[in-house]
Every structure is written in C-alpha cells, then in structure tokens.
Amino acid sequence: MAHVATLILLMPLVGFLLVLLNGPHLKEKQVGYLGTGVVAVSFVLSVVAFFLLLNRSPHQVTVNLFSWISVGTLHVPAALLIDPLSITMCLFVTGISALIHLYSIGYMHGEKDFRKFFLYLNLFVFSMLLLVMANNLVLTFVGWEGVGLCSYWLVSFYFDRDAAASAGKKAFIYNRVGDVGMLVAMFLLFSRTGTLTYLTIFDKAGTLTPTVATLVVLTLLLGATGKSAQIPLFNWLPDAMEGPTPVSALIHAATMVTAGVYLLCRMSPILALSVPGRTTIAIVGGVTAFVAATIACSQKDIKKVLAFSTVSQIGYMVLAVGVGAYSAAIFLMISHAFFKALLFLGSGSVIHSLNGEQDLRKMGGLQKFLPLTFPTFLIGWLTISGVPPFAAFWSKGDILANVFEYSKLLWILGVLTALLTAYYMSRLFVLTFRGNERFREVTAGHDPHESPWVMTTPLVVLAALSVVGGILDLPWIHHNSLSGFLTPSFGLIPTLSHASGLAQTGLAVVDVAVAVLGIMVAISIWRKGPDQPRYESSFLEHVWHWDDFYDATIGRPLTAASQFGDDVVEPKVIDGAVNGIAVSVRRSADGLRKVQSGFVRQYALATVLGLAVIVVYLVARVG
Amino acid sequence: MNVPAAWYLILAAVLFGVGAFGLLTKRSALIMFMCVELMLNAVNLTFVTFARTLSDVGGQATVFFVMVVAAAEVTVGLGIVVAVFRRRSSTSVDELSEMKG
C-alpha cells in the first residue's frame, strides 16, 4: 500500500523530470505520450490503492516518507494520508488529467512550446496530488502553491500576448491574497494545538475555543475563496481563460479550483466547531453561485460563459460544505469534473475547428460539421442543466435537498441558480450548434472540420461518465455508495434531519421543473439569433463592475500613494537626507582645509602653543 | 664643588627656549633641524638631572632612547632635505607647500 501510494504521487514527477532533462532530444509525440502515460499509470495505481484501501479497516493509512521539518516543537513529516477522501480525489484528478493530457496532444499539436506545456501539466498533476495526499497542512500548502504556480505559468502560456501575461499575474495575485488566509489559519492552529498534522489536529480540536475555531474557519474560507474563485476573490478565474483550452479544462474547471473545497472538507472536524463560520461559508457559496450564474447569462465568449459557470458550480460545492453536506460537495465536485471537463474540451474542439474563434456571435450551425463534438457537448449541456438521469441531476439534487433542510432562503437562491444555469448553458448551446452559420468569415469560407481522435476520445469517455456519473451516489443507496464511503473522513458531521422520501421527491420535481423552464426560455429567445441586447445586460457583462470596484478601492488609491512616493517622498525625503549629509560634509571640510596652510612654522607654532597650554594646565593643577 | 640641580634645569630651559625660537623663526630646513636637536637635548638634560637628584636610573635610560630615536630621525630627515635640495636648489620650508589644503 505504502509503495503504491508513493508511486501515485511520484509518477507525474518522473514524467516531469524525464521531459525536463531529455526535452530537446524527444520528439513532440514522445513527449505527449510520455506525459499522458505517467498520469495514466498514476490513475491505474490509484484504482489499485482504492481496492487495497477497501480491504482495510479502518479505511485509513499514513505513509511516512521522511522527516522533513523538525524545529523545536514543530515536527512536519513528509507523509501521505490515504483515506476515503484523498483516494477519491486521487481517482478523479488522475483520471481526468490523463484524458486531458491525451486531448492536449491533439490540441497543442505544432505549438512552439509543446514540451514546456507538458512539463507544466505534469508538474501540475504532481502538485495537485501532493495537495490532496498530504497528511499535514504544510505539505498541503506546498502542493497548494505548486498548483498556483503551474496555473500562473499555464494561464500566461502565450506570454507574448498582453492579455495572457496580465491574466497570469491577476490569477497569481488573487491567489496570494487567499494564501494569507491559509497561512494565518496554520499559525492559529499551530499556536493552539501545537501540530499541523491533520489527524492530530482533529484529536485536539476539542481544546479550541469557539472564537478561535471561528477565526480558523474564516481564514481557511479566505484561502478557499482565493483558490476556488469565490466571492470576494472570484474574478481571476474568467481572465484565466486566456490560457490554452486544455488548461482551462484541467486546472480552471476540473481540478485545481476544487482545492479550496477539498481543504474545507478536509478540515471538517474544525468546521463542525463553529456555527458562525459554517453559516458564512454557506452564504459565500450561495451568493457566489447566484452572482456568477447571472454574469454567465451575458457573456459573449464561449470560454467566459463556462468560466463563470465553473465559479457558480463551485459556489454550490462551498454552499454544500457550509451546510455540512460534505459528501454531497465531493459528489458534485466529481460529477462537475466530468461534465465541465467535457464542456471545456468540447468548446476547445469547437474553437479548434474555427481557427481559434471564441466569440459566440460568430458560431452557430456547427451541428452538422462536428459529428462527435456535437452529441458529446449535447450530453454535457443536459448534464449541467440538471436534466435526469445525468450526473449533475443527482449531485445538485443532493446538495439542494441538504440546503433545504438548513435554510429555505439559501435553497431558493440555489434553485434560482439552477434555473439560470439551465438558461445560460442552453443559450451557449443554441448559439454554438444551432441557428444559421455565422462562421464563414473566420474559416475563410471553408467547412469546419472535426478534431483528431486524440481529442474526440476524451470527449466520448467524459460524456459516458457524465451520463452514468450519478450512480456514484444515488439517494436510495446512500450508505453503500460514495457518501457512505466518505463518511469516516468527515468525522464529526453536524447532524441533519434528512428529509422524508416524499419531500425529496418533491424537491427533485422542482429541480427538473426549473431545468426544463430554463432550457425552454433560453431556446425560445436565442434561436432567433445572437443579437438581442435586451437579454444581455451590460451590468452583467461587466461582471457587476466588480473589477472596477477593486480598481477604485484598491488599485487607484495604491497607484496614487505610489505616485505620492515618487513625487514627494523619494526626491524630498530620501534624496534630501542623502544629499544633505553630503553637502554638510563638504561645507565643514571647506572650513577645515584653511588650517592646512603649507607653512611648517605655523604647524610648529601650533605645536609649541599646545605645549604651552599643557604646561600651564599642569602647573595650575599642582599650584 | 656641588652644582645645585636648579642650575641645570635653568640651563635646560634656556636651551629649549633657544631651540623653539629658532624653529619658529628660521626658514632653512637644516637650521630648523638643528633647533629641534637643541630642544631634544635640553629635555635630555632635565632627564639626567632628575635621574641624579632622585637616584633613579630610569631617567638615564630614557635619554638613551631619545638619542637613538633622534639619530634615526636625523637620518631620515636629512635624507629628505638632501632630496629636496637636489630638486629645488633651496631648503626654504616656505616653498614646500604643495600639500596645503
């Protein structure tokens, strides 16, 4: 078991190092299949580890690699924690990653920096696995920073484009703000419990006072909002779409952005101690889900719509964490990884076929040109809209049922979001695949072509997973499926009185009703064409002016302060002090040089006079 | 005949005064050197006087040190004076003012 777990983690690193050291000698195909292969091996090993774990009781193994930091009372081992939560994360992270690596071989074909791209991807998978498998907060933080760094590199992959370079910086800086939260949470926990290892922290969780517990939860939430793109740190994610599409699919939809949700789930025993903390989490999640969904309704870039949709879906997960439905959050995380990766890769296939065009207004009528992308995208669309029996119907339904028990107000918000989700995704679908053909201009009159097999295979696999993903956790077999498997990881679950079967059926009917309503409204509006400013509010298109708000409250005051420093502090205060010292030294030297006359007799006179003074002094003292 | 110690001291003071006066008034480096020697020997005389009065050989020992140092100083100093004279055909110290501030 220990070896298997270590190998899961190390395979992507091996791939990274092989390409790093031999890069120039390898052909593009070799790099691509090597990078894909190591991740696929990781996935196979994860499956093995999963079955090994099933046969163990309790389902929990700590693998000690080596002692890493040992200073005073701080002991941080490099150790892995294999439990239901981490192995579930491993399975879907490596599985989705392997598919997206395969897709990238086709999508990035012929790119100048093909090797660099796979280097980053492999390093990213390694960091992500480190994040989820670590048995302490410090090691998790290393992975946390690692994925942030890879995300930065990959967002600004086309760094010669201004927009990509600044999007990378934006992602990095927003994540730094969140990191402060995570660091403070680590400081607090270490000062109160004296350890940073998860299991020990949970053992000592009882010694935390409610105030400290709330503080820890809120700072963790800040960390999670940075990484998982929640309010108030969500607007880096849409900009991150400047990266290549496989990156958007892998990092900014399926895996990295779920790290914040994973962290909150991992720290569930601490979350259980703080009611105000969990309420805040639920509100942040619910509001983010709704706000992002409204924004997605007015975006004109196909990837931007999907980006805001991701923010919105992660909002659902955070909402689920807030109400204590951790396994529901993980359930949605997995099914979201399936269908959002599918949608992103599908959109990538569309963009690929249109020579890089991303504007929805220049698509339309692609149905008959993309015989594989179209049906898989159709499945992705129905899944995210919440149509039964696809995966998201079950996972979103699970979350909404839990939220219904917790707060009716948040439930209404959640249902409204579901309505908007169905609406904006249908708009996207109709504008892309239906209606008249508006792409002739970008393809120079040619027919768009379907993508190669390396790109369509992942689409088919992901579509199949989206269809059947629901069986992971059907409501009537809860205890024998995903949530039953995950429960030991979540220790102290705040008890929820589960809704009766009848109420659950009622809630499910509501879910289906809003999904169908959203789809019908969107189709009736958007089949007429893309130019309907009545339904595209500029307020929503400009992201509720959120960036302008930050610019006005943080950006411009800081710029003004820097300008002040440049205009006043630097020339007057700093240069003033430096020049002042120099000038005063020169003036006093000018005065003193007059003493050096060059006449030896003057010096002799001075000596004799000094001697006389000493003699007079000595005589006076004696007398 | 026993000469009182005060007489030696008075003689030393007079010699020192003559040396100091010469040092301050003469321009020739050579003469100034001799004046300095005069002052040094005036001080030597007081050392010896007190050595005898107080029956302490420390004073006599010091005189030897002063003489050695003075000899070394004269060697170096005369070397400089000769070098200066060769370049300028004059030993007037008033002309040696290149190093003034």
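Colleague: Before we start, what makes two residues count as being in contact?

Modeller: Two residues are in contact if their C-beta atoms, placed from the backbone, lie within 7 Å. By that rule, the contact between the chains takes twelve residues from chain A and nine residues from chain B. On the side of chain A that touches chain B, six residues are nonpolar, three are polar and three are charged. Here Ala, Val, Leu, Ile, Met, Phe, Trp, Tyr, Cys and Pro count as nonpolar, Asp, Glu, Lys and Arg as charged, and the others, Gly among them, as polar.

Colleague: And where do the names and numbers come from?

Modeller: This is a predicted model, where local features need pLDDT of at least 70 and side-chain atom pairs count only at pLDDT 80 or more, while totals for chains, interfaces and linings use all residues. Residues are numbered from 1 along each chain as its sequence is written, and chains are lettered from A and ligands numbered from 1 in the order in which they are written.

Colleague: Okay, why are H8(A) and H11(A) called roughly antiparallel?

Modeller: Helices here are DSSP runs (H or I, at least four residues), numbered from the N terminus. H8 (residues 210-227) and H11 (residues 259-266) of chain A pack at about 155°, with axes 7 Å apart. Axes are lines fitted to C-alpha atoms over the stretch in contact, and angles run from 0 to 180 degrees between N-to-C directions. Angles under 35 degrees count as roughly parallel, over 145 as roughly antiparallel, 65 to 115 as roughly perpendicular and the rest as oblique. So the pair is roughly antiparallel.

Colleague: How do you know that Ala463(A) is buried?

Modeller: Count its neighbours! A residue is buried if 20 or more other C-beta atoms lie within 10 Å of its own, exposed if 12 or fewer, and partly exposed in between. Ala463(A) has 23, so it counts as buried. Ala463(A) sits in helix H20 (residues 453-468) of chain A and touches Leu342(A), Thr376(A), Ile379(A) and Gly380(A), leaving aside residues up to four places away in sequence.

Colleague: What makes Asn355(A) exposed, then?

Modeller: Asn355(A) has 12 C-beta neighbours inside 10 Å, so it counts as exposed. This residue lies in the loop between H15 (326-353) and H16 of chain A, and has a positive phi of about 55° although it is not a glycine.

Colleague: And why is Ser89(B) put down as exposed?

Modeller: With 7 C-beta neighbours inside 10 Å, Ser89(B) counts as exposed. You'll find Ser89(B) in the segment after helix H3 (58-88) of chain B.

Conventions. Helices (H or I, at least four residues) and strands (E, at least two) are DSSP runs, numbered from the N terminus.
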